[in-house]
Amino acid sequence: MPSGDPYVPGRGDAAFAVTHYDLDLDYKMSSNRLSGKAVLEVVALAPLAKLHLDLAGLRVAKVGVDGTSAKWTHRDQRLTVTVPHRLVVDDRVTVTITYAGTPAPVRSPWGEVGWEELDDGVLVASQPTGAPTWFPCNDHPRSKATYRIAIECDSPYEVVATGALTAKRVRGSRTRRVFEQRRPMATYLAAVHAGHYEHVTIADGPVPQTVALPAAVKAPVLADLERQPQMMTFFTEVFGRYPFDDYTVVVTADDLEIPLEAQGMATFGPNWLRGRGAQERLVAHELAHQWFGNSLTITGWSDIWLNEGFACYAEWLWSEQSGAATADDLATAHHSQLAALPQNLVLADPGPRLMFDDRVYKRGALLLHALRRHLGDQAFFALVRAWVAAGEHGSVSTAGFVDLVLAHDDRPVVHELLDDWLWRMPLPRLPAATLS
């Protein structure tokens, strides 16, 4: 069984899966010092004698397997653990790793990712390879696990992490919080924030929605998130039930280059939420990722269009629902823009250099709109809801999406449409009319 992913060589190992991470962390803000103990519950997916884990920039002190000291090496961001006896498929072991250091982002072809110090706080932005900057992991989107994240930090700082806050204890100048993520989560979607935040509830239900933000930006942020509860209601109607217990938006004190999604969470810099409603599409985009990317997580990075194409199309659907430009108007405009750009991208396999190219986002959305035109609204949205329900909290792929579409409509014209949009470089024309 091959290891890793060709888009991110040196990350992840397909020979095993981690089913649960138990992280016990201690962080000192003034020195950017992180100490941790990680307990990983591991299941073998292939015969193996070593576990190859990812850990970047932090030093390992000791490693144990099932309570016994284990041999290990740590070099080039790869922690290799020798198990006491060769594992066969479905064997399970518990790996305990004690580590510490000064966490920092790692360089990648897409910029620096991972644990990042702010002017007065920290955040984690892990997509696609930043998770190993703060905990040892099998860093691949197909490896989804449940989590318990306990973190102790200086008391003046509020800490927000992926998962439900289940315990909080103040002891002297330090506060310990425990977060539990009971839904399977990919490593790149695990996040921690620490800063001077206050919490504001913007919806009590049916999906509780909270904003963690600095007091200084409260008014413009809440103005820009005013319609998020309506978005949530609309998206549950068109996509299916919201896949998590709640949704948190974190707004940092520092400006950020782009908004970021995590499981049950989105992060914005205050530069994106200035109270003018100018970035409402991004509010919709990050919310849509809770279905597409976080619940339905791609099997490999070549399938990134399934995350970004659906989230981009959600922007267009919300625009239509809110009385602004229709999805058809937006599709026509973006099609014209893409047609003027280089035609050197294969949507279903863009390659690592282009995986976050805006053409992946827009062409993915255009494929969905082309399907909508072909199938008609009733069949198209039934297909979307079936896709979401079938893949909930699991791993999805382009091949699986194609199979589902063709199970709904096996006409030759649909085969041709999928082939042209997914595998051919030239931008196809949008269908002229619905074929019903």
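What follows is a tour of the pockets and then the cavities.

A word on the ground rules: this is a predicted model, in which local features need pLDDT of at least 70 and side-chain atom pairs count only at pLDDT 80 or more, while totals for chains, interfaces and linings use all residues. Residues are numbered from 1 along each chain as its sequence is written, and side-chain values use heavy atoms, with hydrogens and water left out.

Rolling a probe the size of a water molecule over the atoms shows where empty space is left. Here the search runs on a 1 Å grid over the protein atoms alone: a cavity is a set of points where a 1.4 Å probe fits but cannot get out, a pocket is an open set with protein on both sides within 12 Å along at least five of seven lines, and lining residues have an atom within 4 Å of a point. Points are joined across faces, edges and corners, and a volume is the space filled by probe spheres set on them.

Start with the largest pocket, at about 980 Å³. It has 39 lining residues, and Glu257, Ile258, Pro259, Leu260 and Tyr361 are the closest to its centre. Elements that give two or more residues to this lining include strand 20 (260-262), helix 3 (280-288) and helix 6 (358-375); helices (H or I, at least four residues) and strands (E, at least two) are DSSP runs numbered from the N terminus. Strand 10 supplies the largest share, five residues. By type, the lining splits into 21 nonpolar, six polar and 12 charged residues (Ala, Val, Leu, Ile, Met, Phe, Trp, Tyr, Cys and Pro count as nonpolar, Asp, Glu, Lys and Arg as charged, the others, Gly among them, as polar).

Now turn to the second largest pocket, about 440 Å³ in volume. Of its 23 lining residues, Gly163, Ala164, Leu165, Asp246 and Thr248 lie nearest the centre. Strand 15 gives the most, with six residues. This lining holds eight nonpolar, eight polar and seven charged residues.

The largest cavity, about 80 Å³, has Arg359, Arg363 and Met425 among its lining residues. What lines the second largest cavity? Phe239, Phe310, Tyr313, Ala314, Leu317, Leu368, Phe380, Phe381 and Val384 do, nine nonpolar residues with no polar and no charged ones. Helix 4 contributes the largest share, four residues.
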